[in-house]
Structure formats: structure tokens, C-alpha cells
Amino acid sequence: MKPSIVWFRDDLRATDNPALRAAADDGAAVALYVFDEESPGIRPLGAASCWWLHHSLLALREDLAALGVPLLLRRGPAAEIVRETATAMGSGSLYWNRRYGEAERMLDAGIKAWARESGMHAESFQASLLHEPWAVTTKQGGPFKVFTPFWRTVSEMDFREPLEAPEPGRGFSGRLPGSEELDTWGLLPRNPDWSAGLSESWQPGSAQAHELLDDFVEHGLADYSVNRDCPDLPGSSRLSPFLRWGQLSPFEVWHAQQGRRRELGDGAAAFASELGWREFCWHQYFHRPDLATANLRPGFDHYPWAWPGGQGGAAQGAGSHEAAASSAETQSAATLLRAWQEGRTGFPLVDAGQRQLWHTGWMHNRVRMVSASLLVKNLGIHWQVGEQWFWDTLVDADPASNPANWQWVAGSGADASPFFRIFNPETQAAKFDPHGSYVGQWIPELTMADYPEPVVDLKVSRREALDAYSSLPR
């Protein structure tokens, strides 16, 4: 019997994995993971994501071993390695779950064409989105640009039931090609090892993912519509990194909450809409692969955002830097950026969020919005700079939600927050952390003399941001 390869990517789970099921049904499944940072257009992972990936692959190896499916690890350009592995094994079929970035889709299409030309069965599956981006369109046939009608349309569709894991004993037991040692990939931080807080906060893998999902549905879903905005309460599901890495599928999460929706009402509906927002971000990314490097609303190309250190992205080249900062202004922006990154802005809610991020690789969603708003609208620093920082430090950073949410806050994205909606970190703290419990957890020196004064005047910087916005071409 010829072996069947299941190529894992952002779907590091055994349950509800159509590609794994298909390979196991053939009777001789072999799992392959390729750590690819070399293929054109593939965005290299951030440091926190590398940490998560390392531990996730260890967990996946154990889950697959329980099914009798071996896991091969290889590093390099995926097209070359997949072809090499399939040829060396004499594989009869090749399966994977779809990705939605432009570079990834082109790479996958090339491999599928090669496999079929080689007489090998190749098939891909829908596994990480509730509905395919090309299947959800407006009445005019184009993509949705506003969330409410998008989610109204999607939520009225059927969502397939999750699949069980394959039966044990369906893996390939013959001779395997060489597999690399995970430790040689250098995914974990060394000298210094800053990951202690991540290890205290997370156990990457499907086991903790399902524990958190069950606990959230049982204890957190009912009050989610209220508690989700309060960083001092355990109101978040904390499922985002597990969805990002595919240790939970959206179908598993959807049906888990759907079973309690009538009983729990607003809480379940609010949580379902968050799944919908994740879907909306991925559909944006499918239709706009430059989501992380270009303003979706071109008028923002002329907004005078600062680029600390002279860095810049595609938008800078397109004219967003027309009001180029002087060297003194750039230096000031670099100082402000460093204060923001290190949690030393003098605004306790923002600083607490940045310290939570650095320690745990995660930040409460309400605090993310407040922190992003301060950087972009009060400190005047380009949203791409913040997006890049979150990409490096978040364990749940994905190529769709991360830039889409930054563009939402900046006002440059699809269905964006109105630009005049500037999250005041002081009023937000008073409303959502009224007793200072969250801030006190992360800023023990708050009442001490060495806590910094605010780095910017909120009223003055707000007025300057609105004046700059009013001058943009319409």
C-alpha cells in the first residue's frame, strides 16, 4: 500500500482535520510539517509565534503517535521539500487543508499541479474557515466591506459538523525518510530566555485548547457580552492562539457555543459574532493580500504618520510619507515607540497591556484597542509599526486578524472605526478597570515616584490627529 502524506500547516490538530482523515482513510498516513521561511511571499514568524510552534509540534507529535501516524519535520522551501518527500516515499496521495494568503495559495496550486502531473492524487480541504472567501459575496458578486451584512449572510449558512479523529492504526509503518530534530530549528529563545511567562500562561496543543473551550462554554459564555470588555475579569475565552494555530477548528468552537445559544442568549450571540469577525478578517486578507502593508482606504496614504528609525512599508513608498518627519521628529517618535513597547507611556491601562503582552504573549482585546489607538492617533506612529510589534510578540498573531484589526483602529481599513473615535486610555480605564485590579497586577510601581509622567497630552494630540485627518483627500 502506497503511503499517503498529510501536509500540516496552521492546522496542528488530530480532531476535525479533513486532510488527516483523508490520509488515514487511505490506510497508510504519514504526517509532514515543513518550517518554511524561504518561499517567496511567506512572512517569517515572530518570536512569540516561534515559541508556540515549537511546543505545538511536540504536542502534535504525541497526538499523532497515539493514532500510529508518524510525523516528519523538515525545514526549507515547502514546494521542494514536499516533492522530495513524496517522491522518496513513493506516495500515492497528498492531502492538506487550505490556506488563504496569496503566496500560500500559489505555492499550494503549484504543488497540486506537480502531484497530478506525477500521477499522484492531490486534494485540499476547507478546515480553518467556516465558509470559503469566494463563496460569500454581496448581491453584486463582490466581497463584503462591512461586517454587519457580511455576518448576517454567513450566519444564515450551514456550518458542517466537526469530524472525529481517525481511528488508531491507520498510519504508515514502513521505512521513512529522514526527519529533522525540532531543537535544531532554533524556535525557542536563548540568551536570554524570555519565555518563562509564556510557559506559565500556556500549554500549546489541542488538549489545553479543548479544556479552555469546555470551561469557557460552561462558565464564561453566559456573561461574555458584558465581561469580555473588562480586563480585570476572566471574561475572555483565551482561545485565539489555539484558533490561530489550528489546535481548535472554528467548527468545533461554533458548535460548542451553538449548543448553548438559546439558553445563554446575548453571551453566546456576542461570542458568535467574534468568530464572525475572525472570518471577516480572513476574507479581507484573501481579497487584499497586501493587508499588512497597504491602507485599504487610499486616502490614508497621505496621513502624516511617523516611521521611527526611518522604517517603512509599501504605504510609505506609495505616498503616505509625504509629510516626512524631520530627524528630530523621527528621534522623538523612536523614543515614544520605545516607551509604548516597554509599557512606560505614563498611561497605566496601556502600560499594563504592554507588560501583559511581554510576559504572556497575549493582551486583552479591549486593551489592544486602547493601546493601538494611543500609538496611532496620539503618538502619531504608523499602524504598520504597531502591527509589526504585535506580530513579533503575540502568540495569536495571524496574517489576517492582526493587520485587519490595526487598520480598523487606524481608520484605514474595511468597516473601520471612525477616525474621530480615539480611545482615551484614562476614561477607558475608569470604565473597564474601575477598581484598578488589572493595572495593579501589571504595574506594581504605579503609586511610586519612578512611574513616568504621560508622554503626550491627550487633548492636544487628539486635536492634532483630527486636524491631520480633516486635511486628507476625500
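Ser273 is found in helix H12 (helices are DSSP runs of H or I with at least four residues, strands are runs of E with at least two, and both are numbered from the N terminus). The model is predicted: local features need pLDDT of at least 70, side-chain atom pairs count only at pLDDT 80 or more, and totals for chains, interfaces and linings use all residues. Residues are numbered from 1 along each chain as its sequence is written, and side-chain values use heavy atoms, with hydrogens and water left out.

The side chain of Ser273 reaches the backbone oxygen of Ala270 at 2.6 Å. Beyond its neighbours within four places in sequence, Ser273 is in contact (heavy atoms within 4.5 Å) with Phe147 and Trp151.

Pockets were then examined. A pocket is an open set of points on a 1 Å grid over the protein atoms alone, where a 1.4 Å probe fits, with protein on both sides within 12 Å along at least five of seven lines; lining residues have an atom within 4 Å of a point. A volume is the space filled by probe spheres set on the points, which are joined across faces, edges and corners.

The largest pocket has a volume of about 1,200 Å³. Its lining comprises 38 residues. Tyr224, Glu274, Trp277, Asn365 and Asn405 lie nearest its centre. Helices H5 (147-155), H9 (240-244), H12 (266-287), H16 (365-378) and H18 (401-410) each give two or more residues to this lining. By class, the lining of the largest pocket holds 17 nonpolar, nine polar and twelve charged residues (Ala, Val, Leu, Ile, Met, Phe, Trp, Tyr, Cys and Pro count as nonpolar, Asp, Glu, Lys and Arg as charged, and the others, Gly among them, as polar).

The second largest pocket has a volume of about 820 Å³. Of its 44 lining residues, Asp10, Ile42, Arg99, Glu104 and Pro399 are the closest to its centre. Two or more lining residues come from each of strand E1 (4-8), strand E2 (29-35), helix H4 (102-117), H9, H12 and helix H17 (383-393). The lining of the second largest pocket divides into 21 nonpolar, seven polar and 16 charged residues.

Helix H17 is largely enclosed by the rest of the structure, because nine of its eleven residues are buried (under 20% relative accessible area, with a 1.4 Å probe and protein chains only). Among the buried residues of H17 are Trp383, Trp389, Phe390 and Trp391.

The structure holds zero disulfides (pairs of cysteine sulfur atoms within 2.5 Å). Cys230 is buried at 15% relative accessible area. Cys281 is also buried, at 0%.

Definitions and conventions
A polar contact is a pair of N or O atoms within 3.5 Å; within protein, one must be able to donate a hydrogen and the other to accept it, and residues adjacent in sequence count only if both atoms are side-chain atoms. Buried means under 20% relative accessible area, exposed over 50%, partly exposed in between (1.4 Å probe, protein chains only).
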